[in-house]
Amino acid sequence: MSSVFTTLYQDYNVDKYGTLSKSFRTLFDTAMAVYDYDGMGSRDLSHSILLIFVAFFTNILLLNFVIAILSTTYENMKESGVFKYKSSLFKYCERYLIAFKSPH
């Protein structure tokens with residue numbers, strides 16, 4: 001995506017899109033909600049639309065990533081939770097049987 005912004009806007013705003021690394025930094029700032037729509041001249045509208053698209057797409061991608069992490073963690077805890085429940089139940093029953101064992 002940085003290469004698209006560099007290609008389209010490097011002539012209009014060298015400070016933000018002059019190189020690929022500057023474009024990446026500007027798009028990263030956009031993902032972190034640091035927007036700047038000034039200084040694009042005649043390409044102001046297309047720049048604004050593309051920045052909105054990038055911000056929207058980035059947020060959806062990050063949200064999808066968080067959901068995937070939480071889903072994986074939930075599945076892992078679900079599998080280990082059954083084992084932990086059964087081992088805790090065994091320990092509880094073992095203590096109960098020892099505590100109430102008849103003395104003869």
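Trainee: At roughly what angle do the axes of helix 1 and helix 3 cross?

Mentor: Axes are lines fitted to C-alpha atoms over the stretch in contact, with angles from 0 to 180 degrees between N-to-C directions. Here, helix 1 (residues 2–9) and helix 3 have axes that come within 8 Å and cross at roughly 110 degrees. Helices are DSSP runs (H or I, at least four residues), numbered from the N terminus. This is a predicted model, where local features need pLDDT of at least 70 and side-chain atom pairs 80 or more, while totals for chains, interfaces and linings use all residues. Residues count from 1 along each chain as its sequence is written, and side-chain values use heavy atoms, without hydrogens or water.

Trainee: How are helix 1 and helix 3 placed to each other?

Mentor: They're roughly perpendicular (65 to 115 degrees).

Trainee: Which residues make the contact?

Mentor: Contact means heavy atoms within 4.5 Å. Helix 1 brings Ser2, Ser3, Phe5 and Thr6, and helix 3 brings Leu20, Ser23, Phe24 and Leu27. That's four nonpolar, four polar and no charged. Nonpolar covers Ala, Val, Leu, Ile, Met, Phe, Trp, Tyr, Cys and Pro; charged covers Asp, Glu, Lys and Arg; the others are polar.

Trainee: What lines the largest pocket?

Mentor: A pocket is an open set of points on a 1 Å grid over the protein atoms alone, where a 1.4 Å probe fits, with protein on both sides within 12 Å along at least five of seven lines; lining residues have an atom within 4 Å of a point. This lining includes Met1, Ser2, Phe24, Leu27 and Phe57. Helix 4 gives the most, with five residues. Overall, the lining has 10 nonpolar, two polar and no charged residues.

How values were computed
Helix = DSSP H or I, 4+ residues; strand = E, 2+ residues; numbered from the N terminus. Parallel < 35°, antiparallel > 145°, perpendicular 65-115°, else oblique.
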